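User: I'd like a close look at one part of this model, with the packing around it spelled out. Here's what I'm looking at.
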Amino acid sequence: MAGTRWNINKHDREQVSKLARELNVSPIIAALLISRGQQDAATARKFLNPSFDQLHEPTLLKGLNKAVKRIFQAVERSERILVWGDYDVDGTTGTVVLRKALELIGAKTGFHVPHRFTEGYGINQPELERALATGYSLIISVDCGITSFEPLEWAQANNLDFIITDHHLPREEGNPPAFAVINPNQVGCEYPDKNLAGVGVAFKLAHALLRESGKEHLIKGFLKVVAIGTIADIMQLTGENRVIVALGLQDLPKAKNYGLRALMEVAQCTREMTAYDVGFRIGPRINAAGRMDAARLVVELLETDDFEHAREMADHLDRCNRERQEMQKQIVQLVFEEFMAKGGRRVASHFAVVAGEGWHRGVIGLAAAKIAEKLHRPAIVISLENGVGVGSARSIKPYHLLDGLNSCAELFEKHGGHAQAAGMTIKAENIETLRFKLNQHALSVLSEEDLIPEIRIDALLTSQNLHLDLVRELKQLEPFGAGNPKPTFLTRNLVLTHEPLVMKEKHLKLRLADRERRQFEAVWWNGAEEADGVRLRPNAQIDIAYTPETNSWNGITRLQLVVQDLRKSENI
């Protein structure tokens, strides 16, 4: 790709050899472990062998003991407890986890998942009023609540107890008024791992509740659902999240939950599961409920005891996902057209802010991610309706999105989120000022180098290393995802033996050979566009950055190099 930087990792050969001997692994695996922070044998063994005892003690979370005490008090008094979850995968899976734990300790519960379009994100007062009127005296949030000051002030004034479980960053003024707040990112919380997903925080509360009631042996069964929410929320797959996801994935093929089984069937995930399967097959179908319909369907799916009903709901989610894909394609095209009409990069030198009338709010976050990826700049996509915009933002690694939004907080009706993703509501007349201020902020934070896409290459491999055994070895490092990406390697001086085959008008299939005439197959997804400026003609000598994978067809498994980028060889 034109202008892409290749950052090639350098390795200490002596350190690599020492770790390889101590672990009895290949030098390639040892080098990858070191580059992922596992520099001594003890930590590397834990990394390679995730186990339940590596999880941290739940009560290290500030506010957890207080919450557990209040929940058991509610059980003893037969109070009704409402679980209030966010409408994304993280929130809906967390709602299922917490509801099941509460059921197991004898609590009387209901749940509420806000409708994305009619209620919006977070806690809202009208639904709190309805909850109080229908007999709820305790509400527990999942994956939301940490910035919901006004609704929680109303709850406090009306003697409606509220427990927040969340993982989003709090505001500078601290926490809203709540009976208890469980959030590893709140001020004063000394919990060792700050990267838990919202479902992970709910899992910690569930763990403490089950242990207190003598049912701790059941908690491992929750990891399947916790893993799905953690992967789908693109959390760092390091530390506890790595353990949660690794153990949950091992257990997923054995799932007895009717909803999970039906979902895996429609997503064609009936074999050994990987983080990729969850992130690109299971997760999008769950997320489609909140994007295109009502997210409460996900909770109903995972709680049903009727397989036929589960299959009907799973089929509905599958249809929603296909509708979402088509809508996303249309909106992304409109966003790019609007972006160029407003001056493109000339106006958005460091931060892209794009707005359009009536864009489907369920896919604007995905559109923002596409813009950020394509332009390698933070981006906001805003859907306007009746003079008010609902926006979704995505960022690039060097830019802290929430810091940027906080720098012009006066322009928003409300906003919140993470370093890499955020949402907001804004009046239409403030958008031009927002565009100017965010570009000014990003200009002060980002260097010109930050705006150039980078591929981090784990190691330089000769073509003699390329075989199926390499892919099998790399499985030791799974699950792959944020914080532990699939390894990317660089091999130099390969020869293109044939004209590239264009697949579906956008992908490229390449046939390559080394100097010893060993043959290799490579695929470059979206390569027809990405290869712009690179002359891919037979006999061209190229260096490729790639991820090695397997490709099975008609019972035959071959090595396949998935190209990330390529260049004309310089050392011929």
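Which helices do the buried residues of helix 11 pack against?

Analyst: Bear in mind that this is a predicted model. The buried residues of helix 11 pack against helix 9, helix 12 (275-292), helix 13 (296-303) and helix 14 (307-341). Helix 11 itself covers residues 258-266, and its buried residues are Gly259, Leu260, Ala262, Leu263, Met264 and Val266. At the start of helix 11, Asn257 has a side-chain oxygen within 2.9 Å of the backbone nitrogen of Gly259. After helix 11 comes Gln268, with a positive phi near 55°.

Ten of the ten residues in helix 9 are buried, and Lys224 and Thr230 are among them. The cover over helix 9 includes helix 11 and helix 12, along with helix 5 (89-104), helix 8 and helix 10 (239-251).

The pairing of helix 9 with helix 8 is worth a stop. The axes of helix 8 (residues 198-212) and helix 9 (residues 223-232) come within 8 Å and cross at roughly 155°. Angles over 145 degrees count as roughly antiparallel, so that's how helix 8 and helix 9 run relative to each other. On the helix 8 side, the contact is made by Val199, Gly200 and Phe203, and helix 9 answers with Leu223, Val226, Gly229 and Thr230. By class, this contact has four nonpolar residues, three polar ones and no charged ones.

Conventions. Residues are numbered from 1 along each chain as its sequence is written. This is a predicted model: local features need pLDDT of at least 70, side-chain atom pairs count only at pLDDT 80 or more; totals for chains, interfaces and linings use all residues. Side-chain values use heavy atoms; hydrogens and water are left out. Axes are lines fitted to C-alpha atoms, for helices over the stretch in contact, and angles run from 0 to 180 degrees between N-to-C directions. Helices (H or I, at least four residues) and strands (E, at least two) are DSSP runs, numbered from the N terminus. Angles under 35 degrees count as roughly parallel, over 145 as roughly antiparallel, 65 to 115 as roughly perpendicular and the rest as oblique. Contact means heavy atoms within 4.5 Å. Ala, Val, Leu, Ile, Met, Phe, Trp, Tyr, Cys and Pro count as nonpolar, Asp, Glu, Lys and Arg as charged, and the others, Gly among them, as polar. Buried means under 20% relative accessible area, exposed over 50%, partly exposed in between (1.4 Å probe, protein chains only). A polar contact is a pair of N or O atoms within 3.5 Å; within protein, one must be able to donate a hydrogen and the other to accept it, and residues adjacent in sequence count only if both atoms are side-chain atoms.
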